[in-house]
Amino acid sequence: MDALYGLCLAQVCRSLDALCSRRSDGSMCLSWAPIFPQEMADQLLLKMAAKGILNDTTVGIFQNCKALRLRRASIRCCPVSAEAFRLALCPHRLQELDASWVPGGLTGANIISGLASNPECRSSVQRLSLTGLRVDLESLVEDGGTRVGFSSLQGLRTLNLANTDLTDAVLEDICTLPRLESLDISCSAVSQLTALLDCKNTLRSLITHRLRLDMTPARLLFVLSQLHAVRHLDFSEDHFAVDDSDGRDGDETVRQLLEGSPHILPSLVSLDISGRKRITEAAVGAFVEARGGLVFLGLLATGASSCDILSSKKNLKVTGEANEKQVCEALRRYRDRECFLREALVQLYNLTTDIDKPRPDMLELVLSGMQSHPTSLHVHLVATACVFNLTAQDLAVAMPVSLISSTVTQLLYAMKTYPNHQQVQKNCLMALCSDYTLQDVPFDKYLAATLVINWLRSHEDPTLQRMAVAVISILVAKLSTEETAQLVKDIFIIKQLLAIVQQKAMVGVVDSTLKFALSALWNLTDEMPTAARNFIECQGLELYEEVLESYYTEPSIQQKVLGLLNNIAEVEVLQVDLMEEDLLEHILSLLQDNQVEQRVRYFAGGTLAQLVSRPEAWTLDDELRSTILKQLHASIMTWTQPEKEMVSYRSFCPFCPLLQTWQSSGVQLWAVWAIHLVCIQNASHYSSMMEKDGVTELLRVLAAHPDTHSDVKGLSDSILRVVEKHQSHSGSVNKQMESQSS
């Protein structure tokens, strides 16, 4: 039911243009709107925000307060202006509003004045988050003789003003709220906490991460000691941003709190002091011992998380670096705090260096951290290394495909965002270089190919070059015809891969880098005339002739070389470039030699069949052409059906000229043998391709023609039987499904 609910909302988001008309100001208005269930209105707004389509134009649909009644509204990170906010959201009887990190000019003052303009909101709004905004309350005008402020929203219970310009004066106004229970003023301009005494009886949660307080330890401890109702206190510090002198007073306050009487903050069950220095394990142990009801203690980057008593408290959750449990808890709790996330990721990397069991829970935590900090180089540097640790050695195979897919997408984002950072690129490349990931996981393979190719432009590290070429080789085989065509417009990739082939061939080495480079070139030129032309312009033919002769004992190399020559031979305007007598005689010798592996002879035959199929384009000695035609037929008749897949085809279009009734039997025989080979191995895939490319009809004509050689006719009939059998089986299955559904 939840999935259907989500699909319906997603469809509304996709169809907004069709469902809406426009007001004079350009904002959208639903042309026809039934009264939505209240929760659905909240979810629609959330879905629009998540899909990145919530803005001044689209938020206009919520001006219809009768059909779309908002209670819990989120415009987090969405470009909504003050005027659009006032018109679309302020008329609703809101209970919760998250306007964190809204870009543009929307300020806390705009939000407070807008909400306060609705008498219902003055009492209904209970939760408000303005993280990352400029508060700017000084800009507010008098309202009936009294200044509008946070205290105008008398129903507020939870208020988040982290990463704002919140001042001591505004904090004083906030602390007069009669129901305030939770307050986050982290990373703000607040320097005094004395105002908290005004809400000491209601405040239950206080978050003051990375504050620069102008208070003595004694005064600060006195204020904290009066907060009798506080259950959660976060007094953590950014250990990367603060030097010893800046945090000394805060550290001293923490020391006194840990060592002091449990009568200070008597209701406390959760304390976060991560990043604080000069914390001793003895003080932590005494504190935990004295607070039997403690359920959470933040100790990351304090050096005190190895305290023995911590592991004996089963109900106590701890963030720290002493063990896996503490590190994972830190990754969960500190997703939005870059300083602690970086520290936790470093610890996780050390923990997972020799990991041998799949840990999707850890990978999810790493992915979440990367997504929460898209612009942090520090986070991505360590996180990409963690991804490699967690997915290497086939560990990814045992994880959910959706998780690996999302992770790869984030790796590609990192490669795109930090193109000049060598270690980030290396981490991503190592994580991508997995046969399972590249073959079976869905992600943007075109983007991946372009990013890895761009990496090759400026890097020559042999180990990474091998991985990059391997990744490219697999990816280009997965691209659509349109994507491959787009990729090969840039001649660089052909030039770079040929340079790698030449580098290896000069020393006669046979390694995976050479094989991957040859495979990539083969795939890039498959039915790609532009790529084939680029290959020739880069002197690829001369190089391949040398490789074909020098690697005469390496069938895996010969197959890939001949496969590419086969691709060039399929392009009529490029056939003239292959009209070299020495080259064709060498290929003919491979075709005739029974000692040569059949896969090599197969591609030798394909290259020759294409070149001799057009008599008008033949520029060499006619006797050589006659020999090739005769040897084609004779050699093919000695071939046997291979057990494993030897080749795959994007289409059968290059075969159509070879299947004409006027072609010689050798040319026809190679074509029907090739089609028969793949149809036998994968009838379901190639049967439909044959119909689409017109090959089925050509085979029927060929089989029925009186001049067709019996060898060609026999294979043609066999292919047609395979196709008919498959079609008959498919028809029966479809009828069964139809009868079951009816």
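Leu265 sits in the loop between α9 (248–259) and β12 (270–272). Its phi is near 50°, a positive value in a residue other than glycine. Most residues other than glycine have a negative phi. The model is predicted, and the angles given here are computed from it.

A second residue of this kind is Asp136. Phi of Asp136 is near 55°, again positive and again in a residue other than glycine. Where does Asp136 lie? It is in the loop between β5 (127–129) and β6 (142–143).

Next come the helices. Two packed helices are described by the angle between their axes and the distance between the axes. Take helix α23 (residues 512–524) and helix α26 (residues 555–569). Their axes come within 9 Å and cross at roughly 20°. Angles under 35 degrees count as roughly parallel, so α23 is roughly parallel to α26. The crossing of α23 past α26 is left-handed.

Which residues make this contact? From α23 come Leu514, Lys515, Leu518, Ser519, Leu521 and Trp522. From α26 come Ser556, Ile557, Gln559, Lys560, Val561, Gly563, Leu564 and Asn567. Sorted by class, the contact of α23 with α26 holds seven nonpolar, five polar and two charged residues.

Helix α26 has another partner. Helix α25 (residues 540–550) packs against α26 at an angle of about 145°, and the axes are 10 Å apart. Here too the crossing is left-handed, with α25 passing α26. On the α25 side, the contact is made by Leu541, Tyr544, Val547 and Leu548. On the α26 side, it is made by Ile557, Gln558, Val561, Leu562, Leu564, Leu565 and Ile568. How do the residues of the contact of α25 with α26 divide by class? Ten are nonpolar and one is polar, with no charged residue.

Ile557, Val561 and Leu564 are listed in the contact with α23. Ile557, Val561 and Leu564 are also listed in the contact with α25.

Now look at the open space. The second largest pocket holds about 1,000 Å³. Its lining is made of 34 residues. Of these, Ala477, Asn523, Glu645, Val647 and Ser648 lie nearest the centre of the pocket. Which helix gives the most to this lining? It is α26, with five residues. The elements that each supply at least two residues are α18 (435–440), α20 (462–476), α23, α26 and α31 (683–693). By class, the pocket lining divides into 13 nonpolar, 13 polar and eight charged residues.

How many cavities of 30 Å³ or more does a search of the whole structure find? It finds two. The largest cavity has a volume of about 50 Å³. Its lining consists of Val387, Thr391, Ala396, Ile404, Thr407, Val408, Leu411, Ala431 and Thr437. The largest share comes from α16, with four residues. In the lining of the largest cavity, six residues are nonpolar and three are polar, while no charged residue takes part.

Key:
Residues are numbered from 1 along each chain as its sequence is written. This is a predicted model: local features need pLDDT of at least 70, side-chain atom pairs count only at pLDDT 80 or more; totals for chains, interfaces and linings use all residues. Side-chain values use heavy atoms; hydrogens and water are left out. On a 1 Å grid over the protein atoms alone, a cavity is a set of points where a 1.4 Å probe fits but cannot get out, and a pocket is an open set with protein on both sides within 12 Å along at least five of seven lines; lining residues have an atom within 4 Å of a point. Grid points are joined across faces, edges and corners, and a volume is the space filled by probe spheres set on the points. Ala, Val, Leu, Ile, Met, Phe, Trp, Tyr, Cys and Pro count as nonpolar, Asp, Glu, Lys and Arg as charged, and the others, Gly among them, as polar. Axes are lines fitted to C-alpha atoms, for helices over the stretch in contact, and angles run from 0 to 180 degrees between N-to-C directions. Angles under 35 degrees count as roughly parallel, over 145 as roughly antiparallel, 65 to 115 as roughly perpendicular and the rest as oblique. A crossing is left-handed if the near helix is turned anticlockwise from the far one by less than a right angle, and right-handed if clockwise. Contact means heavy atoms within 4.5 Å.
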